[in-house]
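Subject: A structure for you to look at

Hi there,

Here is the structure I promised to pass on. Please open it beside this email and follow along as you read.

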Amino acid sequence: MVFAVVNNRQYRILKDNLRGMAGDSVRTGTFVAMDIDDPPVDYVALAQSMGVASTLIERAGDVGDAVRGAIASGQPHLVELPISAPA
């Protein structure tokens with residue numbers, strides 16, 4: 001089992017829903033509890049603390065090898081893929 005965390009450090013989908021509803025958050029530019037960056041969650045360390053092997057993948061070209069290695073291990077594995085949120 002390979003768990004992939006595609007990490008943009010925010011709940012972007014929820015922010016976009018609020019934008020679509022044109023609520024107070026949109027008017028003020030403040031999205032309460034929607035950013036996961038203060039402090040940022042260290043998913044790799046969190047997984048390791050529970051006995052799950054994990055890998056931080058910072059280059060798109062490394063994803064295939066990391067996932068193949070994780071599958072080959074026969075053990076649960078988490079891969080974290082940091083991404084930039086679109087503006």
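**The overall picture**

Reading from the N terminus, the elements of the chain follow the order β-α-α-α-β-α-β. That gives four helices and three strands, where helices (H or I, at least four residues) and strands (E, at least two) are DSSP runs, numbered from the N terminus. Before going further, please keep in mind that this is a predicted model: local features need pLDDT of at least 70, side-chain atom pairs count only at pLDDT 80 or more, and totals for chains, interfaces and linings use all residues. Residues are numbered from 1 along each chain as its sequence is written, and side-chain values use heavy atoms, with hydrogens and water left out.

Now for the overall form. The C-alpha trace spans about 50 × 25 × 20 Å along its principal axes. Buried residues account for 24% of the 87 residues; buried means under 20% relative accessible area, exposed over 50%, and partly exposed in between (1.4 Å probe, protein chains only). The chain exposes about 6100 Å², with carbon and sulfur atoms supplying 58% of that area (Shrake-Rupley method with a 1.4 Å probe; for residues, only the protein chains shown count as cover).

Contacts are worth a look too, a contact being heavy atoms within 4.5 Å. Among those between residues at least 6 apart in sequence, 66% join residues at least 24 apart.

Where does Gln10 sit? Its place is in the loop between β1 (2–7) and α1 (12–21). Gln10 is buried, with a relative accessible area of 16%. Setting aside neighbours within four places in sequence, Gln10 is in contact with Lys15, Met34, Asp35, Ile36 and Ala85.

Two of the residues on that list, Lys15 and Asp35, also pair up with each other: they form a salt bridge whose closest N and O atoms are 2.7 Å apart. A salt bridge here is a side-chain nitrogen of Lys or Arg within 4 Å of a carboxyl oxygen of Asp or Glu. This pair links distant parts of the chain, with Lys15 in helix α1 and Asp35 in the loop between α2 (24–28) and α3 (43–49), 20 residues apart.

The structure holds six salt bridges. One of them joins Arg59 and Asp62, with the closest N and O atoms 3.5 Å apart. Arg59 is exposed, with a relative accessible area of 54%, and Asp62 is partly exposed at 33%.

In another, the side chains of Arg68 and Asp65 meet at 2.8 Å, N to O. Both of these residues lie in helix α4 (residues 63–73), three residues apart, which is about one turn of the helix. Arg68 counts as exposed at 55% relative accessibility, and so does Asp65 at 54%. Elsewhere, salt bridges that share partners join Arg12, Asp16 and Arg19 into one network.

Best wishes
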